Amino acid sequence: MTIEKAVVSGEWTGRGGTPAAPSAGRLRPLGLHEVTLRPGFWQRRQHTSRTASFDHIEHWLERAGWLGNFGATVEGRRGREFSDSEVYKYLEALAWAGDPAYEDRFHAIVARVAAVQQPDGYLNTNFGRPGQAARYSDLEWGHELYCYGHLIQAGVARARTHGHDELVTVAVRAADHVCDTFGPDGIGSVCGHAEIEPALVELYRVTGNRRYLDQARLFVERRGRQVLDDIEFGRAYFQDDMPIREARVLRGHAVRAVYLASGAVDVAVETGDTELLEAVARQWRATVARRTYLTGGIGSRHQDEAFGDDFVLPPDRAYQETCAGVGSIMLAWRLLLAEGNPRYADLIERVLFNIIATSPSDDGTRFFYTNTLHQRVPGIEPAADTLVPRAASSLRAPWYAVSCCMTNLARTFSSLAAYLATTDDDGGVQLHQYTPASIRVGDIGLDIDTEYPADGRVSIRVVSAPETAWTLTLRIPHWATEATLDGVPVAPGLAAVRRRFTAGDTLVLDLAVRPRLTFPDGRIDAVRGNAAVERGPVVYCLESVDLPPGLTVDTVRLDPAAEPVDRDGAVIVTGHTQPAHDASWPYGQPPAAAFTDPVEIPLHPYHRWARRGPSTMRVWLPLDRK
Ligand SMILES: [Zn+2]
């Protein structure tokens, strides 16, 4: 297959592109010209990403030398083995944003990348040159195919938003090289870090070249048959312990697991493989039921950034990598498109408001890599313009030695509008997420206005509509046990209205957003006897800066009989304090019930935490009774 023959489908270009475009499934995605964010919760964050994070990322890619690696000598190469991928994720973020002001910079970076590509399509700054390890000599840790995956996803974004240009050519050449090298008669292995799989399927969807789909399927089917060497964390770390069709639950490194599962859904949908699709859906259900934090975050083991066993979800050791949140959205979105089940959109909402909104700083120039749910000691604010060596920073940092998360956030914010709504074969529109937005698909125009999630009222105004009847479907979140649509009660799940709409019609969805106590499954030992507070889709937390002098977050006990209430933007819960007594040995007799008079405890959204300087914090609050 030569590049000239690779037909790049223009179907999505005029629609502004979309990250995942399956050719089959229950729902069909919309393009970024069809759904646009308007001022509100998410548009603010998208704006910050485009106006501040882009410059910040490019500054650091240059400063850390990761951009300079394209064209550097072997001796001059800097950064970890996967640093090329951060450049590609930044290119993907620029492509989805489509801002003309960045066009020259986009081309300048692409030119640097293209100059390093070998005649046979190979492209990696860390392998293959004299003085470096040989190509594909370290599939367990080398990340070469992982880097191609992000390069190809950037190329896909460019093809769908702009059309065929140099980045697309580079991505196609790399993909052809991968197929030549890892095809049925080539190297019979996979990459230690999944990512090439969903990328190759998406390139198939862009070009129509079946070869890329076949290669993705080969990678998905090969993994799990011990094709990679065993490592200290075991083969489950990179999901090479058992075939994906046989697995019960997601396991191993959390980001790798959700990227692989995303690619498997893509392969299943394009090949009509319902067994594979159900295998992944089954693992998703088990993972949500037993291995997911209240925030929707995943990964509780620091040593290998991995899932723990079922119900191992300690809040003070919550790893919850931001990238795992991004990957979790990728997976749930693909399953939603395939099956239409609103549970997937429920999880996307949870991850968006409690992981994606939590990680970046308000000014877009710092971020959390890990997202703890219990901060025991106040962190130290890393100085501006310093590179933090460890991922587990106690406060948002400008950049890390491993900085996968910020470029992942950038590409997610740039393409966020694509996750709000879908259409289907019947010509209807489905709203999955609520934020101010305009939707223009065919003859249908909708303007959505809301203060969500602060308030649960969502106004949907019909701007244009066809002459015939069509169905508008709204997701009613699982937590919204009290909800009305135009005054009529609706239950969690889906609410559908089928009729002939006319311009000017307005529907009002009212979701009763008020604070509620949430209790954990008793098998999550780490938080047994605790409760958390949620309000709508938002998880709340207690921060030391909100407590009166003399009180600490670890002495607060929550009264589960007292209703939490809204007050001045905070949620107030009632409880008591139980002073801590230091002893020479912290085990022994049951503690005395030394409760004080009732105290009011103010909570704020978890995604707002650590924005007012160093603090201690907890999401789960012990109850004041046994
Ligand atoms: Zn990351």
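1. R210 forms a salt bridge with D214, the closest N and O atoms being 3.2 Å apart, where a salt bridge stands for a side-chain nitrogen of Lys or Arg within 4 Å of a carboxyl oxygen of Asp or Glu. Both residues belong to helix α7 (residues 210-222) and sit 4 residues apart, about one turn of the helix; helices here are DSSP runs of H or I with at least four residues, strands are runs of E with at least two, and both are numbered from the N terminus. R210 is partly exposed at 37% relative accessibility, and D214 is likewise partly exposed at 31% (buried is under 20% relative accessible area, exposed over 50%, partly exposed in between, with a 1.4 Å probe and protein chains only).

2. The coordinates are those of a predicted model, in which local features need pLDDT of at least 70 and side-chain atom pairs count only at pLDDT 80 or more, while totals for chains, interfaces and linings use all residues. Residues are numbered from 1 along each chain as its sequence is written, and side-chain values use heavy atoms, with hydrogens and water left out.

3. K89 and E86 meet through their side chains at 3.3 Å, N to O; they are 3 residues apart in helix α2 (residues 84-97), a separation of about one helical turn. K89 is buried at 0% relative accessibility, and E86 is buried at 1%. In the salt bridge of E81 with R80, the closest N and O atoms are 3.2 Å apart; here E81 is buried, with a relative accessible area of 16%, whereas R80 counts as partly exposed at 38%.

4. A network of salt bridges links R160, E202, R205, D266, E270 and R334.

5. The zinc ion is coordinated by E321 (OE), C323 (SG), C404 (SG) and C405 (SG) at 2.1 to 2.3 Å, donors being N, O and S atoms within 2.8 Å of the metal (3.2 Å for Na, K and Ca), with the caveat that water is not among the atoms, so sites may look incomplete. The 4 donor atoms subtend angles of 95 to 121°, which makes the arrangement tetrahedral (for four donors, all angles must lie between 85 and 135 degrees). Along the chain the donors follow the spacing E-x1-C-x80-C-C. Because C323 lies in helix α10 (residues 322-339) and C404 in helix α12 (residues 404-414), the pair ties together parts that are 81 residues apart in sequence. C323 is buried, with a relative accessible area of 2%, and C404 is buried at 8%.

6. An open sheet is formed by 7 strands in the order β2-β8-β9-β10-β15-β12-β13, with antiparallel pairing; two strands pair if DSSP finds at least two bridges between them. The edges are taken by β2 (35-37) and β13 (488-489), each with a single partner strand, so one side of each is left without a neighbour in the sheet. Strands β9 (residues 444-450) and β10 (residues 457-464) run antiparallel and are joined by 6 bridges, and D449 has S459 of β10 as its bridge partner.

7. D505 is placed in the loop between β14 (493-499) and β15 (506-511). A polar atom of the D505 side chain lies 2.9 Å from the backbone nitrogen of T502. Leaving aside residues up to four places away in sequence, D505 touches I460, R461, V462 and R499, contact meaning heavy atoms within 4.5 Å.

Note on methods
A polar contact is a pair of N or O atoms within 3.5 Å; within protein, one must be able to donate a hydrogen and the other to accept it, and residues adjacent in sequence count only if both atoms are side-chain atoms. Four donors count as tetrahedral if all angles lie between 85 and 135 degrees; four count as square planar and six as octahedral if opposite donors are over 155 degrees apart and all others between 65 and 115; anything else is irregular.
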